[in-house]
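Please read the following briefing alongside the sequence and the model. It is arranged by topic for a reader new to this structure.

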Amino acid sequence: MTVSETELWKALRQEFKGLKFRRQHPIGDYIADFVCLPLKLVIEVDGGYHSEPQQQQEDQWRTDYLHSQGYSVLRFDNEAVNTDVKGVIKRIKEELIKIEEYDE
């Protein structure tokens, strides 16, 4: 895992003790950085190369595939995780509340 992924992994384990997140979990032909299978939430942490046009297109195909499989997808760049992990966790909580099966 990258430094950013390690930081988010620690935060996920601290903030969501009642939910099981998996890291580096295969879904079809893709490997999700983090996934909560019961709630079908995928969390991706993107490095700088994700700003390249070709990678953006591949990321969109990946997101489209995951959506077609019933997953919600959240993407955060490394900088967001490294500088505002609390904000990232807040956004994840907002998404979990939208999924409605999560009750803090």
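In this predicted model, D33 touches E5, R22, R23, Q24, I43, E44, V45 and R62, leaving aside residues up to four places away in sequence; a contact here means heavy atoms within 4.5 Å. D33 lies in strand β2, which spans residues 30-36. D33 is buried, where buried means under 20% relative accessible area, exposed over 50% and partly exposed in between, with a 1.4 Å probe and protein chains only.

Residues are numbered from 1 along each chain as its sequence is written. The model is predicted, with local features needing pLDDT of at least 70 and side-chain atom pairs counting only at pLDDT 80 or more, while totals for chains, interfaces and linings use all residues, and side-chain values use heavy atoms, with hydrogens and water left out.

**The charge of D33**

- Although buried, D33 has no salt bridge, a term for a side-chain nitrogen of Lys or Arg within 4 Å of a carboxyl oxygen of Asp or Glu.
- The nearest side chain of opposite charge to D33 is that of R62, 5.2 Å away; Lys and Arg count as positive and Asp and Glu as negative, while His and the chain ends are not counted.

**Overall layout**

- The secondary structure of the chain consists of four helices and four strands, taken as DSSP runs numbered from the N terminus, with helices being H or I of at least four residues and strands E of at least two.
- Along the sequence, these elements follow the pattern α-β-β-β-α-β-α-α.
- The chain has 104 residues, of which 41% count as buried.
- Among contacts in the chain with a separation of 6 or more, 54% are between residues 24 or more positions apart.

**Helix α1**

- Helix α1 covers residues 3-15, has 13 residues and reaches 18 Å from its first C-alpha to its last, close to the 18 Å expected at 1.5 Å a residue; the expected span is 1.5 Å times one less than the number of residues.
- The buried residues of α1 are S4, E5, L8, W9, A11 and L12.
- Seen down the axis of α1, these buried residues fall within an arc of 170°, so they line one face of the helix; the arc is that of the directions from the helix axis to the C-beta atoms.
- On the other side of α1, V3, R13 and Q14 are exposed.
- The cover over the buried residues of α1 includes β1 (22-27), β2, β3 (41-46), α3 (78-83) and α4 (85-99).

**Helix α4**

- Helix α4 has 15 residues and reaches 21 Å from its first C-alpha to its last, close to the 21 Å expected at 1.5 Å a residue.
- In α4, the residues V85, V88, I89, I92, K93, E95, L96 and I99 are buried.
- Viewed down the axis of α4, its buried residues fall within an arc of 165°, so they line one face of the helix.
- These buried residues of α4 pack against α1, β3, β4 (72-77) and α3.
- The face of α4 turned away from its buried side carries the exposed residues K86, K90, I97 and K98.
- K86 counts as exposed because its relative accessibility is 71%.
- The C-alpha atoms of K86 and E15 are separated by 9.8 Å, although these residues are 71 positions apart along the chain.

**Aromatic pairs**

- The structure holds three aromatic pairs, defined as rings of Phe, Tyr and Trp (its six-membered ring) with centres within 6.5 Å; planes under 30 degrees apart count as stacked, over 60 as edge-to-face and the rest as tilted.
- One of the pairs, W9 and F34, is stacked, at 5.8 Å centre to centre with 10° between the planes.
- W9 lies in helix α1 and F34 in strand β2, so this pair ties together parts that are 25 residues apart in sequence.
- W9 counts as buried at 12% relative accessibility, and F34 counts as buried at 0%.
- F16 and F21 form a tilted pair, at 5.7 Å centre to centre with 55° between the planes.
- F16 counts as buried at 2% relative accessibility, and F21 is buried with a relative accessible area of 7%.

**Positive phi angles**

- Q24, in strand β1, has a positive phi of about 50° although it is not a glycine.
- Q24 is partly exposed, with a relative accessible area of 39%.
- K40, in the loop between β2 and β3, has a phi near 55°, a positive value in a residue other than glycine.
- K40 counts as partly exposed at 30% relative accessibility.
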